[in-house]
Amino acid sequence: MNWFSVLAKNDWKTHFILWNSNAALAHYLPCLRRSLHNGDFNIHPLVKEAMESRKPVVALESTIVTHGMPYPQNLSMAREVEEIVRANGCVPATIGILNGHIHVGLQDEELDTLGTAKDVVKVSRRDFPYVLSQGLSGGTTVSGTMIVAHKARIPVFVTGGIGGVHRGGEKTLDVSADLTELSRTPVAVISAGVKSVLDIGRTLEYLETQGVCVATFGKSREFPAFFSHQSGFQAPYQVQDENAAAQLIARSITLKLGSGVLIAVPCPTHEAASGELIEKAIQQALDEAQGKKITGKELTPFLLQRVNELSGGESLKSNIALIKNNAIVGSRIAVALNRLQRGQGGRGSLSQNENTPSVPRPVVIGGINIDIIAKAKAAAIKDGGQTNPSTVRQSFGGVGKNLADCLSRLGKMPVFISVMGKDEHSESVLRHCRHMDMRGVLQLKGRNTATYCAVITGTGELTFGLGDMEIHQQITEQYVSQFKENLCLAPVICIDGNVPVSTIEYICQIAREHQLAVYYEPTDVNKASKPFLSESWRGLTCISPNFRELRAISQTLGNPVPTDLPSKMEDIIKTAIALVYPLLRGLHCVVVTLGQHGVLLCGRSKGGSVSLHPQTCSENGTEELRAVHYPALPVPTEEIVNVSGAGDSLMAGIIAGLLAGEDTDHCVRMGLLSASLSLRSYEPVSPLINSTSVSLARLKAQRWPVAKIWKLS
């Protein structure tokens, strides 16, 4: 068939079928498939856990962040949409490309990178091979996001609006790859229809020819015109609610048609922009684009930006509103579809207990705080009522939160059990902790979220702290018992000193019954001795006190303790060993944190290395007690910003290494590297901590001070 005869007849269906032939793109697929099965394909731990435990996940695109909206509205919108997805019972998976790696789910700092960078590529199907091979970063379009979502087995994808046939396409042959992707990739796309700068009628006709099922959501079959409700065109079908939409998607998947489903959701009535105003702006923007000869993938971003300018910001306001609305509808559809796929048909809430695990995960039980950090500019704090020149910052801490935060960043997504108020602080906490699994955090009305104020010298030493921690008493045995199945399957349980004594005793009892590994972080001198008020402590595997906390624990047990703290390094280590020795009659190991002097690891050893877990001891060889001193990585005083989370980062790094099956030396050095990063961060746990910055390659590249070994028996 001759192209000119096709165009002369205005035979759009035949023209687009020829123009978007699968054969023309077949040579791109092998490169993409390879990237999806090696290190180029990174799934966020929270997304991975959700998929493994068959919880609903919603895919989100990233070109709306990189090319669709101006900064900073793009980032605030993206974060709000992710929160909406979480609030409606799903896990968000924003898809993007960073330095040649496909990411399914983005960390907060990765989203910042895409949202502020100027050189990111708009990535559709055709662009994957080049962007990945060149190590570039990019925002995925509807087409690109559909491909990755399908490969990751995410069936529902929420976006603003899809691409389509451009106005005047009979001359330019400009049609979006989104349309052909819908015809060959079985993902349900929840959108506000087709962007109104496009030819909606011809787009619907093309989708019909390609066999794509299109339905509007709600009471009308009127196909939405993106910013407004009315386009003048009817959709082939209509679904009244999320359950009907889920049934439609489920049937499409079951039939294995190989094509997607488009659910068009009208913008909320009170947010819809005037159709007449928008159409006038579109016509002017099109004329300007033609005059400037703007075509191809640069056209739609130009039109959307210009329409927003010409409408006085009305189109952007409406755009944000419709995306949020799509997220609500799409998440509810994903929940309903998930219920159908798990054989839980019918209406209502999920019947499965959300706390029931399908894969073993570490469990962290402890406090979460609002931290106010006041760091004096001078090396010493002057008392007597005068004001010390300082820098004061607010951050988010709590020992339990810090442990769970660092473990999450290192890819060991724990179940985090804690309590906070439902107050002015709680929403900020949840936003900050969006990379963590916060479903085990109980929110209580009428209670204050825990608040902690730390006063630190100019050299980074903690002088004293003030805390409103009463709410931590609500981490009760009754609440924690709801997670008993998680506890019994956990490879490691971490508890901190904020947890009430009765809850600690409950955890230790379960540990003894099920032979579980429990790691106790004492938190501070006043709370360090909680497990040691009874025989509960014998249910612990390991504790990680600093020198003062170790002395308080020994005193509680009636063991002799020094009156004064030693100052010389050699005396500190010898005294610490003497205090630890009686504890090893019940504990497997003790990690004494020594601040700038590093860490002293004391415990049972077979074959020369102190083990961090009873199961890591080799079967051969005679067991003995040893202590190993690992010096800290040197951090210049002027680079130390915050010491409040360094010890927690140390223990989280050690535990992450343990969970990864690393040997003791690697585990401890993972902890020391994590601690050195957090010392340089205003946050208690550095956002720079991840599986790349704290990896075996980084450990091997680092020059480590020599560790010294003592034999205790």
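What share of the contacts in the chain with a separation of 6 or more is accounted for by residues 24 or more positions apart? The share is 71%, where contact means heavy atoms within 4.5 Å. The model is predicted, with local features requiring pLDDT of at least 70 and side-chain atom pairs counted only at pLDDT 80 or more, whereas totals for chains, interfaces and linings use all residues. Residues are numbered from 1 along each chain as its sequence is written, and side-chain values use heavy atoms, with hydrogens and water left out.

The secondary structure of the chain amounts to 26 helices and 26 strands. The chain has 713 residues, of which 56% count as buried. Buried denotes a relative accessible area under 20%, exposed one over 50%, and partly exposed a value in between, with a 1.4 Å probe and protein chains only.

Two packed helices are described by the angle between their axes and the distance between the axes. Helix α6 (residues 73-87) packs with helix α7 (residues 108-116) at an angle of about 145 degrees, and their axes are 9 Å apart. The axes are lines fitted to C-alpha atoms, for helices over the stretch in contact, and angles run from 0 to 180 degrees between N-to-C directions. On the side of α6, the contact is made by Asn74, Leu75, Ala78 and Arg79, and on the side of α7 by Asp108, Leu111, Asp112, Gly115 and Thr116. These contact residues comprise three nonpolar, three polar and three charged. In this classification Ala, Val, Leu, Ile, Met, Phe, Trp, Tyr, Cys and Pro are nonpolar, Asp, Glu, Lys and Arg are charged, and the others, Gly among them, are polar.

Backbone geometry was examined next. Most residues other than glycine have a negative phi, and most peptide bonds are trans. The peptide bond from Tyr71 to Pro72 is cis, with omega near 5 degrees. Pro72 is located in the loop between α5 (63-68) and α6. Asn99 has a positive phi, near 50 degrees, and is not a glycine. Asn99 belongs to the loop between β3 (91-98) and β4 (101-104), and its relative accessibility of 55% makes it exposed.

Helix α9 (residues 142-151) is largely enclosed by the rest of the structure, because eight of its ten residues are buried. The buried residues of α9 are Val142, Ser143, Gly144, Thr145, Met146, Ile147, Val148 and Ala149. The N-terminal end of α9 is capped by Thr141, a side-chain oxygen of which lies 3.3 Å from the backbone nitrogen of Ser143. Arg153 follows α9 and occupies the loop between α9 and β7 (156-158). Although Arg153 is not a glycine, its phi is positive, about 65 degrees. With 76% relative accessibility, Arg153 is exposed.

His435 lies in the loop between α18 (426-432) and β16 (441-444) and is buried, at 5% relative accessibility. Its side chain makes polar contacts with the side chains of Asp405, at 2.7 Å, and Arg409, at 3.5 Å. A polar contact is a pair of N or O atoms within 3.5 Å; within protein, one must be able to donate a hydrogen and the other to accept it, and residues adjacent in sequence count only if both atoms are side-chain atoms. With residues up to four places away in sequence not counted, His435 touches His44, Leu46, Gln107, Asp405, Ser408, Arg409 and Met413.

Met670 is part of helix α25 (residues 664-679) and is buried, with a relative accessible area of 9%. Met670 and Met651 are separated by 19 residues in sequence and by 9.2 Å in space, C-alpha to C-alpha. Apart from neighbours within four places in sequence, Met670 is in contact with Gly653, Ala656, Gly657, Glu662, Val694 and Leu699.

Zero disulfides are found in a search of the whole structure, a disulfide being a pair of cysteine sulfur atoms within 2.5 Å. The cysteine sulfur closest to that of Cys542 is in Cys589, at 3.3 Å, which is too far for a bond. Cys542 is buried, with a relative accessible area of 1%, whereas Cys488 is partly exposed, at 24% relative accessibility.

Technical notes: Helices (H or I, at least four residues) and strands (E, at least two) are DSSP runs, numbered from the N terminus.
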